[in-house]
Amino acid sequence: MIKHFFKVFFASFIFVTVVLSVTALGYIVFVDKDMVIGKIQIKETNKTTDASNIYESSTFDYSTDVGKLAKDSKRFNVLIVGLENMRTDTIIVASYDTESKDADLISVPRDTYYPRNIDDEAEFKKINAVYSQEGIESLTASVQKLLGIPVDKYVIINYEAVIACVDKLGGVEVDVPFHMVYSDPYDKPPLYIDIPEGKQLLNGEQALKFLRYRKGYSNQDLGRIEAQQQFIKSAAKKALGFELPSLIKEAYSYIDTNLKVTDLISLTGSVIGFSTDNISMNTLPGKEAPLEGLSFYLPDDEGIAEMVSDMYETAENKPQNN
């Protein structure tokens, strides 16, 4: 019964827990009489909760066109953040439609132009500076505003997770697009990358370096995102056939989240029919451009609105996966 629970639960949350750039597999929950999420341990309780709360954000304006669609939908959105020291090296919104069984991963480039104060220095006008200055709640609100969709829940995962979880999986196979060579002795810890081109099985240390590598892509950070998206697909397929309880035990301590155990359990019944084939990989619409002496990623508001509207199509217009 427990193994079945993990398989059903994991199928639903592979898009949440497989994190681009800093994490291969960060698992949200470990169940064994007591329930543990990240740094928060919650004893079993008989109290009932309103499951509809997991779909809503207390700070979102539901009077907009998208807001009205979101209010009537059963789409669950969560912000996933991967940390590099106090900067967010990876920012993703994972969205799961519990009715159509569709999952969307929206990668937000770390250099996305998001000025909060006109007098700030240029480097603080990048969205990856929000967390270090104002914390996770402010970053969550910023991403909600940027995308125009309700985002209230978050998951924070650190670097150690990728090493532990990939090694636990026995490695993840990827096709490295070119010989990746890079060194930064001043990084903490020092970073030395030397990964040959071609299809190969990466261990935990190699996988982390593959995901962190930035130089050499013809389209810069967007190329890195494409490589990460290849990784997430490969890791997801392998993890679905893994002995999940031991992997979850390995990973849960690397996670900090405001998701409650009751939130997660209330979603498990909606995952029948979900598979990794239902995951859609997206990058925030926009373009790279120089600005204020730095390279920024400028969001395309019209493109974002179109992407979001497509996500929130009514259930009648979406194919149902039974």
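Is Glu 134 buried, partly exposed or exposed? Glu 134 has a relative accessible area of 45%, so it counts as partly exposed. Please keep in mind throughout that this is a predicted model.

1. The Glu 134 pair. The side chain of Glu 134 forms a salt bridge with that of Arg 116, with N to O at 2.9 Å. This pair links distant parts of the chain: Glu 134 belongs to helix H3, Arg 116 to the loop between S6 and H3, and 18 residues separate them. Arg 116 has a relative accessible area of 26% and is therefore partly exposed.

2. The Glu 56 pair. A salt bridge also joins the side chains of Glu 56 and Lys 71, at 3.8 Å from N to O. The relative accessibility of Glu 56 is 33%, which makes Glu 56 partly exposed. Lys 71, with a relative accessible area of 48%, is partly exposed. The cut-off for exposed is over 50%.

3. The Asp 111 pair. Where does Lys 126 lie? Lys 126 is in the loop that runs between strand S6 (102–107) and helix H3 (130–134). Its side chain meets that of Asp 111 in a salt bridge, 3.2 Å from N to O. Asp 111 is likewise in the loop between S6 and H3, and the two residues are 15 apart. The side chains of Lys 126 and Asp 111 are also listed as a polar contact, at 3.2 Å. Lys 126 is buried, because its relative accessible area is 14% and the cut-off for buried is under 20%.

4. The acidic patch. Which residues gather in a patch of negative charge on the surface? The patch consists of Asp 300, Asp 301, Glu 302, Glu 306, Asp 310 and Glu 313. One of them, Asp 301, is part of helix H10, which covers residues 301–311. Asp 301 has a relative accessibility of 60% and so counts as exposed.

5. A backbone angle to check in the viewer. Most residues other than glycine have a negative phi. Glu 292 is not a glycine, yet its phi is positive, at about 55°. Glu 292 lies in the loop between strand S14 (286–291) and strand S15 (294–299). With a relative accessibility of 41%, Glu 292 counts as partly exposed.

6. A buried glycine. Is Gly 171 buried or exposed? Gly 171 counts as buried, because its relative accessibility is 3%. It is placed in the loop between helix H5 (160–169) and strand S8 (172–176). From C-alpha to C-alpha, Gly 171 and Gln 200 are 9.5 Å apart in space, and they are 29 residues apart in sequence.

Conventions
Residues are numbered from 1 along each chain as its sequence is written. This is a predicted model: local features need pLDDT of at least 70, side-chain atom pairs count only at pLDDT 80 or more; totals for chains, interfaces and linings use all residues. Side-chain values use heavy atoms; hydrogens and water are left out. Patches are made of residues with over 30% relative accessible area and no salt bridge: like charges are joined within 9 Å, nonpolar side chains (Val, Leu, Ile, Met, Phe, Trp, Tyr) within 5 Å. Accessible areas come from the Shrake-Rupley method with a 1.4 Å probe; for residues, only the protein chains shown count as cover. A salt bridge is a side-chain nitrogen of Lys or Arg within 4 Å of a carboxyl oxygen of Asp or Glu. Lys and Arg count as positive and Asp and Glu as negative; His and the chain ends are not counted. The place of a charge is taken as NZ of Lys, CZ of Arg, CG of Asp or CD of Glu. Helices (H or I, at least four residues) and strands (E, at least two) are DSSP runs, numbered from the N terminus. Buried means under 20% relative accessible area, exposed over 50%, partly exposed in between (1.4 Å probe, protein chains only). A polar contact is a pair of N or O atoms within 3.5 Å; within protein, one must be able to donate a hydrogen and the other to accept it, and residues adjacent in sequence count only if both atoms are side-chain atoms.
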